[in-house]
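Subject: Structure handover

Hello,

Here is the structure, with the sequence alongside.

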Amino acid sequence: MSTGAARIEGTDAARFESTGAACTGSTDAAPSESTDATRTRGPYTARIEGPDMNDTVRRREKAPIAAPHVPAPAPSLRPRTESPDTDPGLPHRRWWTPYLFLLPGLVMVVLFSLWPFVNTVILSLTDAQILKGGRFVGLENYGRALGDPDFWTATVNSVVYLAVVVPCLVLLPLALAVLVQRKIPGIGFFRSAFYTPVIASAVVVGLIWQWVLRSDGLVNTVFEKLHLISGPVPFLTDSTMLLVSAMIVTIWKGLGYYMVFYLAALGNVPASLYEAAALDGAGAVRRFFSITIPSVKPMMLLVGTLSAISALRVFTEIYILGGESGGPGGGARTLPFLIRQVGLGFAGETGYAAAISILLFLLTLVFSLLGHRLSKGDER
């Protein structure tokens, strides 16, 4: 509208006029003195009259209300949800990509573990030899092994070896770990000294002990000088003594290795348990049997299983100390030694050696399952 009148009713009524520019929001019209006066007064109710003003109000009521401005969300860092197979730009997201990383390891396992085992099972059912193929004979090789005195001698030696070595490798490294765990001056030197045989080659260790135990070796020479013996002790020339000497070498070499296992287990035992037991008057021996052994019992079962498997696979110690025959008359041969002796040479019976290998595998599996069963019973 060009001109409009406004009437304001309140406690102090006042009349004022304003131009159309003021109603339409124009900045050209200056406010009147009455307008400034009424703005300084108290609250009042205003009534706006005029046809043009009503049209303006109606048009404003009919006008759509603009939606508030919402800023656009930041771009998401999530990967796109397209199917990897349909995304040509990202070939590394194919479903088979993880298997590419596993492929080298799988190939190694198949070539050097799975296939040799399957091939050994197949050979054990034939009469194959080194220089000629074999024919299928079924379980004949297994029946031959069960009736072979050499097989039973080797089996008894392996089981006796296990029965002596495993308890020593379970208890002695634990006692050694308890000793070297103490913080005393120079203990680092002893830790290194105890672990040195582990990093030494088994052949080197066997040669050192052969020089120590032979008839004119260090031990016999010292004993003779001290007049403790009248003649050399047959450490390497008697089957029983040879087997005992091999056990000593195995235990000596494994002490430092399993000591590290126990040191890791002892590090997890709370020191507060030992302090509480000491306050109650428990001595060192009582604390060892009441706190240390129960705390490291799972590790003892693991060490027992690992040492049992190693004892059944012993070969180097017998070969270095006793020679290719395995002692006088082969009386100190173990199952791995017998497998090597039967399967090698121009007349080597590969099928029969494979059958003995499978029997050794079953014997090892029995002791492994026994250790697993004991560990499960301990968890309950």
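Helices here are DSSP runs of H or I with at least four residues, numbered from the N terminus. Please keep in mind that this is a predicted model.

Aromatic rings

The count of aromatic pairs comes to 13. One of them joins Phe190 and Phe194, a tilted pair at 6.4 Å centre to centre with 35° between the planes. Both residues belong to helix α7 (residues 187-199), and because they are four residues apart there, about one helical turn separates them. Phe190 has a relative accessible area of 42%, so it is partly exposed; Phe194, at 29%, is partly exposed as well.

Another pair, Phe288 with Phe289, is edge-to-face: the centres are 5.2 Å apart and the angle between the planes is 85°. Phe288 counts as partly exposed at 22% relative accessibility, whereas Phe289 is exposed, with a relative accessible area of 52%.

Phe190 and Phe194 also belong to one aromatic cluster together with Phe189. Elsewhere, the ring of Tyr352 has the charged end of Arg144 over it, 3.9 Å from the ring centre.

Asp238

This residue sits in the loop between α9 (218-225) and α10 (239-266). Asp238 is partly exposed, because its relative accessibility is 32%. Its side chain reaches the backbone nitrogen of Thr240 at 3.2 Å. Along the chain, Asp238 and Gly327 are 89 residues apart, while their C-alpha atoms are separated by 7.1 Å.

Regards

Conventions:
Residues are numbered from 1 along each chain as its sequence is written. This is a predicted model: local features need pLDDT of at least 70, side-chain atom pairs count only at pLDDT 80 or more; totals for chains, interfaces and linings use all residues. Side-chain values use heavy atoms; hydrogens and water are left out. Helices (H or I, at least four residues) and strands (E, at least two) are DSSP runs, numbered from the N terminus. Buried means under 20% relative accessible area, exposed over 50%, partly exposed in between (1.4 Å probe, protein chains only). A polar contact is a pair of N or O atoms within 3.5 Å; within protein, one must be able to donate a hydrogen and the other to accept it, and residues adjacent in sequence count only if both atoms are side-chain atoms. Rings of Phe, Tyr and Trp (its six-membered ring) pair if their centres lie within 6.5 Å; planes under 30 degrees apart count as stacked, over 60 as edge-to-face and the rest as tilted. A charge sits over a ring if NZ of Lys or CZ of Arg is within 6 Å of the ring centre and within 35 degrees of the ring normal.
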